[in-house]
Amino acid sequence: MSAPGNGPGNGEAWLEERLRPSLAQKLRIDKQLYRDKTEHQDLIVFEHQLYGRVMALDGIVQTTEADEFVYHEMMTHVPILAHGAATRVLIVGGGDGGMAEEALKHPLERLVQVEIDRTVVDIARAHLPSISGGAYDDPRMELLIADGARYVQETDERFDVVIVDSTDPVGPGEILFSREFYAGCKRCLTPGGIIVTQNGIPFFERYAVENTYRRLGTLFSDVSFFLAPVPAYIGGFMAFGWGTDNVALRSQPVELIAERFKVLGTKLRYYNPAIHQAAFAHPQFLVDILEALDRDAG
């Protein structure tokens, strides 16, 4: 991934995100708000005409003001409402605070967020405050600056839902896609709890789907993916990994999800109960990938 540099015309600065050797997207940096090398990664925040404020790590877009609601709403409300009785939630990663903000719309007793890079949290709060809202000031939440992979192996706490809001499987985020990490997440889940993961764009990153499906499949009775389109992550819809030992949670009636959602008394921008149910429907190419993996495991 290249660092910001000059783009076409008049010395404009652009962020170029290389998705493949032959494919990249460029975002013009209309105004750079922050850039520095943290202990773990290169961090930049800038303003963009279409996306508003954008945060990128190591040249990879992480979140934007314009479309963050799709990603954060789906990764929180799908597992929490599917569970139906979640009171304790763990977020691994999620330094921009968007996942915490959405999770705290539920009547949780406790939310723990484990983020490895303190600078990401501080800069997001300073430059993208609308994403986290007041999450970091909520008394139900505890923020730990620590290694999430180590935390799930060592903690005595147990959670109903674990949300893995990781970067891509490179650099500090690579370990968060390993079987060992997923096994750690399972050890701190309550019986019938749910893990969800950021799993990239299947059209370009088939390997990520295959690896997660295999690794979660050795640990949980029910493994699948749910889907949502996030415009800043080009290449089609994004996949979110799903693992649980309660095989009923993925296929609950939309009416039941709607009853649970109504209790929240909030209107969201992307998520609704119909989207919840539809998100588990897979296009045929993804069905074929998963069926091939099942045959190989057979």
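D58 counts as partly exposed because its relative accessibility is 31% (buried means under 20% relative accessible area, exposed over 50%, partly exposed in between, with a 1.4 Å probe and protein chains only). This is a predicted model, where local features need pLDDT of at least 70, side-chain atom pairs count only at pLDDT 80 or more, and totals for chains, interfaces and linings use all residues. Residues are numbered from 1 along each chain as its sequence is written, and side-chain values use heavy atoms, leaving out hydrogens and water.

**D58**
- You'll find D58 in the loop between β6 (52–57) and β7 (60–64); strands are DSSP runs (E, at least two residues) and helices likewise (H or I, at least four), numbered from the N terminus.
- Its phi is positive, about 50°, although D58 is not a glycine.
- Most residues other than glycine have a negative phi.

**V223**
- V223 sits in strand β13 (residues 222–228).
- With 12% relative accessibility, V223 counts as buried.
- Leaving aside residues up to four places away in sequence, V223 touches Y213, L216, G217 and W242 (contact means heavy atoms within 4.5 Å).
- V196 is 27 residues from V223 in sequence, and their C-alphas are 9.9 Å apart.

**α1 and α8**
- The axes of α1 (residues 68–83) and α8 (residues 254–264) come within 9 Å and cross at roughly 105°; axes are lines fitted to C-alpha atoms over the stretch in contact, with angles from 0 to 180 degrees between N-to-C directions.
- That makes α1 roughly perpendicular to α8 (65 to 115 degrees).
- L81, A82 and H83 in α1 meet I257, R260 and F261 in α8.

Note on methods: Parallel < 35°, antiparallel > 145°, perpendicular 65-115°, else oblique.
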